[in-house]
Amino acid sequence: MSHYHPLTEQEAIDYARRLPDVFPSNAELSSREIGDGNLNLVFHITDSVSGRSLILKQALPYAKVVGESWPLSLDRSRIESEALVVQEALCPGLVPHVYTYDTELALTVMEDLSDHVIMRRGLVEGNRYPLFAEHIGHFLAHTLFYTSDWGMNQQEKKERLGRFINPDLCKITEDLIFDDPYRDAETNNIHEPIRPDVEKLWADQELLLEVAFLREKFLTHAQALLHGDLHTGSIFVTPESTKVIDPEFAYYGPMGFDIGAVLANLLLNYCGQAGWKSDQADLESFRNYLLETVEAVWTRFEQEFRALWEEKTVDRMARTPGFLDSFLARLLQDTFGFTGAKMVRRIHGLAQVADINRIEDAGVRAVAERTALHIGTALIKHNRQAADIKEMTDLARRAV
Ligand code: ADP
Ligand code: MG
Ligand code: MG
Ligand code: MG
């Protein structure tokens with residue numbers, strides 16, 4: 001059974017039963033596959049006797065994309081489990097605990113978080129998460145600082161970087177975020193009402209140049225160990241708790257990419273809310289909540305990152321007056337650019353988001369899509385001038 005093959009539900013039960021010190025000998029285990037099955041299997045294993053449960057996540061050796069499938073390295077599963085271990089050491093309580101990793105089966109045994117909900121769904125339902133900005137700002141500051149050349153031994157950082165070489169999943173990002181949405185690519189999925197808007201963007205040389213610069217950063221700036229896919233579908237929440245899952249895209253890249261992923265998905269939900277809330281006052285209030293959250297995530301991140309840098313940096317030259325201010329100013333600009341890029345790809349690229357895509361009224365959906373394209377492209381074009389997070393929320397406020 002240790003030879004790689006995708007497990008069946010029964011095999012997942014047998015596997016879980018053999019794990020030492022997890023389930024009692026009289027356990028009555030059941031298994032349910034709860035993943036979406038495009039890239040990975042996710043088995044939820046429960047014991048009706050002890051009430052204990054856990055998750056087995058197993059990578060599939062291919063990705064199903066536009067009807068076909070392309071091969072995908074199983075090594076991403078090791079990368080995911082190792083990233084979770086690094087993240088837990090830096091941010092206890094903010095990721096699921098990894099019990100063990102099975103190299104042969106490309107399978108991670110981890111803590112069951114079924115008492116949380118996926119944040120994208122929670123936001124679509126109109127729920128608020130008052131501690132989210134604090135938690136995710138902390139997560140971003142600690143994971144990005146302590147895996148960078150400013151927060152860890154610089155020789156060790158180079159060695160660690162080698163453990164997170166993730167070419168297959170980086171290529172997905174390079175294609176689906178930084179290339180395909182900006183040309184008439186087969187992977188795109190353009191809803192007809194917005195086709196003219198999309199085609200206009202393909203001809204916008206100013207936009208394309210900025211996307212090329214952002215793509216360059218994604219390809220070449222090995223600043224810190226990123227989560228790499230930090231959208232609201234990779235975040236489990238309750239009003240009291242935040243847990244980040246699914247870091248299979250982890251690699252050493254530009255810090256602003258992770259921060260931008262969070263902000264982009266808040267803004268996509270902001271654009272989609274017209275399709276979910278019918279009461280005008282309620283809509284306005286929820287939109288305000290989302291924009292306040294955007295500001296709070298950056299502000300919390302910056303505050304904690306600055307404090308870590310001032311107290312803990314290992315780099316003497318980085319303490320030179322002016323350096324940190326300049327670093328953060330440039331990071332905010334990157335964040336604007338990546339936020340925009342992460343928005344645009346979700347509108348007419350492959351893998352769209354429920355916040356907008358599931359809106360039933362085609363007219364309302366087209367308005368939401370157009371708004372998101374407008375905000376996304378404006379953020380990309382503005383990125384190298386950005387100086388304050390309020391410029392992002394002002395732009396979003398004016399766009400609806
Ligand atoms: P993928 O990489 O295929 O997107 P995810 O890690 O995002 O896989 O998991 C897919 C789904 O499985 C999640 O949306 C969630 O519903 C469920 N899931 C994943 N990890 C856990 C966990 N630790 N606890 C409970 N449910 C989980
Ligand atoms: Mg998925
Ligand atoms: Mg996922
Ligand atoms: Mg994933």
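The structure is a prediction, with local features reported only at pLDDT of at least 70, side-chain atom pairs counted only at pLDDT 80 or more, and totals for chains, interfaces and linings taken over all residues. Residues are numbered from 1 along each chain as its sequence is written, while chains are lettered from A and ligands numbered from 1 in the order in which they are written.

The chain splits into domain 1 (9-110) and domain 2 (117-399), with bounds that come from an automatic or database domain assignment. Their C-alpha centres sit 27 Å apart. Across the boundary, 18 residues of domain 1 are in contact with 23 residues of domain 2, contact being C-beta atoms, placed from the backbone, within 7 Å of each other. On the domain 1 side, helix H2 (residues 75-90) gives the most, with ten residues; helices (H or I, at least four residues) and strands (E, at least two) are DSSP runs numbered from the N terminus. That side of domain 1 is made up of twelve nonpolar, three polar and three charged residues. Here Ala, Val, Leu, Ile, Met, Phe, Trp, Tyr, Cys and Pro count as nonpolar, Asp, Glu, Lys and Arg as charged, and the others, Gly among them, as polar.

Ligand 1 is surrounded by 18 residues, and the closest are Asn40, Val42, Ile55, Leu113 and Asp246; a residue is near a molecule if its C-beta atom, placed from the backbone, lies within 6 Å of it. Strands S2 (40-47) and S3 (53-59) are the elements that give two or more residues to this shell. Each of the two domains supplies at least three residues to the shell, which divides into nine nonpolar, four polar and five charged.

An unreviewed UniProt entry lists Asn40, Lys57, Glu111, Asp112, Leu113, Asp246, Pro247 and Glu248 under "binding site". Such positions follow the numbering used here, feature names are shortened, and annotations may be inferred rather than shown by experiment. Asp112 is in the loop between strand S7 (107-110) and strand S8 (117-118), where it touches His44, Ser53, Leu54 and Ile55, leaving out residues up to four places away in sequence.

Asp229 lies in the loop between strand S9 (224-226) and strand S10 (235-237), and its contacts beyond four places in sequence include Asp246, Pro247 and Glu248. Arg345 belongs to helix H11 (residues 323-348) and touches Leu176, Ile177 and Pro181, again not counting residues up to four places away.

Most residues other than glycine have a negative phi. Asp21, not a glycine, has a positive phi of about 60°, and Ala351, also not a glycine, has one of about 65°. Asp21 counts as exposed, with 6 C-beta neighbours inside 10 Å, whereas Ala351 counts as partly exposed, with 16.

Terms used. Two residues are in contact if their C-beta atoms, placed from the backbone, lie within 7 Å. A residue is buried if 20 or more other C-beta atoms lie within 10 Å of its own, exposed if 12 or fewer, and partly exposed in between; C-beta atoms are placed from the backbone.
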